[in-house]
Amino acid sequence: DKYRFLLFENKREVELVWNGKTNEVFDRALPFRIVERVGGPEPGWTNKLISGDNKPILSSLKNGPLREEVERVGGIKLISADPPFDVGSDYRINIEIGDEKSAEHPNVMEETAYRDTWGKGADSFLSMIHERLILMRELLAEDGSIYVHCDWRVNYLLRSIMNEIFSEDCFVNEIIWRRKQSQAWSSNQFGVTNDTILLYSKANKHVFNASRTRDDENTKKYVRERFIHADENNRRYMKSPLVNPLNRPNLRYVFRGINPPKNGWLYSKERMERMHSNNELVMPKNPDSRIYRKIYEDDYKGQMVQNVWTDIPIVNPMASERVNYPTQKPEALLRRIIETSSNEGDLVADFFCGSGTTAVVAEKLKRKWILADIGKFATHVTKKRLFAVRGELEKENVPCRPFEVLTLETLGSAFLAAVNPEPGKDAATGKGKARESASRESILKAYGAEPASGFKTLDGKKRDRLVAVRASNLPATRGFILGALAECFRRGATGLDVLAFEFETETLPEVLGEAKAKGIDLAFKRVPSEVFDKRHSENNRIVFPHLALLEARPLFKDNMVAVELTNYMVLSARGDSDDGETGPKPGSREIIVRGGNLVKLSRDKNGRAKAPVILTRKWSDWIDYWAVDFDCENTMDPACAEDPETGGIKNPTAAYVFKNQWRTFRTPKNRTLELASEYRSFDAAGGTRKMAVKVVDVLGNETARVIDVKLG
């Protein structure tokens, strides 16, 4: 740095520097896996909702096979980015439980919708957004543009970063969005009512469709002064209502519009009658009320939209589009952005999709889209909104493109594949054992358990419970769990947690019976892939979701079959709590999973514990959404196809694609949930069909089951 300005001609007059800044960008292309498909398949582009960290997603889109598919449709013309700019904060979402709807009812719980996984401090945020903006720029089409949303916390930093990545020549606008009319009064500062949206182009050319707004002072004045007033004496403009002119033959008529003459335009009785016969006037029921012109839109088209947007308020609590997501943006805001910087049929993207407003508006405006988000609630809420808007469009006979839900085979998945490269076979020696040992250590550390020695089948201890870990990509089988139970029984333990990436769910009811007979409290937890990510594990942010079992049965009518959901069981410990049983602080409350139920714990301001309140009064209260694939056979992810070079399987961890053919879900406005699907026809000749059922519960955890149906 001391000599670079002397040695090199390319001098930077202004440069942004922070701790950890680097020009190295993640450039690996990890494989995508299709887990769900809605509609189709059809030729051409299929919209994509991707669940996962957007850094490897962006890199995989840029460097992987999907890049060719993106380029075939003209590339990404528009990126709308609304990153988490409240650095160090977790965004919370209010979740309603069960059928009843009431903000004051105890069936409302608060859950983390999105965690700041980059740590606290501006330098961690800058490192995060810098790398992702570089990748986004690479993905943009040459005539593409990007809108980045921020507020006063980071707008000065983002402007500098974007100047560095896109260049100052590609800066288009700094947009001020007044999102609310007023702010709570403060004694030492002005109220903050706006956010900032930075608009940059990929190059010096970009799509820009200028738009107009009618929600301005000129429009309000114009509408107000379109009233037709009459004055018997001097034709002056009068503010008070007057007698109906058509019933007063001696009256003359004055019209006030935009930039009228001093006394207005004089309308004759004949012209008034002609406008009346042409249905251009709105005649009041009261003969003493005003008459006004019905049509004014063609006369005044509105003002060109400027860079200060005052006509788009935030989503109010009663709005039909509101989904109670903490960072939800109004559809009107995204409509203006998408209409301005893309055309019908263009591909738009949002890699911090949140509640999915970008996809909802893009669907309505006939744009193609790619969405991604790391939060499980984000992709879940987005899916439900997409189903709702597709239903509205289908009622109007507007065709919708199919869309896919994808995940990324993460570095953790690659690690597990190296532990056990061949599913169904244990890694017996060498590197496999070493990697499995490292995997087990990472899982125990993330779970907050201490490693334990002297056991054959058990691996750790967490408080008064023993822990068994299935550290490879093999499911926890009946034999594996029974072996751990037997050793617990011999050691006199009363609690066992089994941690695994997958479980052999068909045998779990039998295993639970064995545990109950031995007096052992048995709990099952899924291991999230984040255990291999230091960013998550070091911040103690990893949550191990509870395993759940669902029960469903087929229903028959004539030559049709349906599915009825009959039970949903969360397999948690009797005294389970993710926070270590410390309980809420004085004057606060918290929601935990205990004994298969959601339970609210609270303390008064003096620290005295109140009686626990069970929120899930019945099993169906757990369920927020469920869907059916009526024929789940022969729908393998293309990533699973045979590799022509080796004759083997390209991606052994991939699975069958869930075809979402029917679904039901709760919304903030409608809390009811159907427990039986619609009927679908089947082949009367008989045979066996496999049907898949997928459930997403109120905690955002997904559970699926395949049921065999005998037909005929």
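Author: E590 stands opposite L601 in β28, and this pairing belongs to a set of 6 bridges that join strand β27 (residues 589–594) to β28, the two running antiparallel. Strands here are DSSP runs of E with at least two residues, helices are runs of H or I with at least four, and both are numbered from the N terminus; two strands pair if DSSP finds at least two bridges between them. This is a predicted model, in which local features need pLDDT of at least 70 and side-chain atom pairs count only at pLDDT 80 or more, while totals for chains, interfaces and linings use all residues. Residues are numbered from 1 along each chain as its sequence is written, and side-chain values use heavy atoms, with hydrogens and water left out.

Strand β28 (residues 597–602) is mostly covered, with 5 of its 6 residues buried, where buried means under 20% relative accessible area, exposed means over 50%, and partly exposed lies in between, for a 1.4 Å probe and protein chains only. β28 also pairs with strand β29 (residues 613–614), in the antiparallel sense and over 2 bridges; there K600 stands opposite V613.

Turning to other strands of the chain, an open sheet of 3 strands has the order β25-β26-β33, with antiparallel pairing. β25 (548–557) and β33 (680–681) each have a single partner strand, so one side of each is left without a neighbour in the sheet. Strand β26 (residues 560–570) meets β33 in the antiparallel sense over 2 bridges, and M560 has S681 as its bridge partner in β33. V561 lies in strand β26 as well, and V561 is buried, with a relative accessible area of 0%. If residues up to four places away in sequence are not counted, the residues that V561 touches include L555, F630, Y679, F682 and M691; such contact means heavy atoms within 4.5 Å. F630 is 69 residues away from V561 along the chain, yet their C-alpha atoms are separated by 8.6 Å.

β22 and β23 pair in the parallel sense over 5 bridges, and L499 in β23 is the bridge partner of V469. The buried residues themselves are F480, I481, L482, A484, L485, E487 and C488.

Helix α13 (residues 478–491) packs with helix α14 (residues 508–518) at an angle of about 5°, their axes lying 10 Å apart. This makes α13 roughly parallel to α14. On the side of α13 the contact is made by R478, I481, L482, L485 and F489, and on the side of α14 by L508, E510, V511, E514, A515 and K518; these residues divide into 7 nonpolar, no polar and 4 charged. Axes are lines fitted to C-alpha atoms, for helices over the stretch in contact, with angles from 0 to 180 degrees between N-to-C directions; angles under 35 degrees count as roughly parallel, over 145 as roughly antiparallel, 65 to 115 as roughly perpendicular and the rest as oblique. Nonpolar covers Ala, Val, Leu, Ile, Met, Phe, Trp, Tyr, Cys and Pro, charged covers Asp, Glu, Lys and Arg, and the others, Gly among them, are polar.

With its 14 residues, α13 reaches 20 Å from its first C-alpha to its last, close to the 20 Å expected at 1.5 Å a residue, the expected span being 1.5 Å times one less than the number of residues. The helix is followed by G492, whose phi is positive, near 80°.
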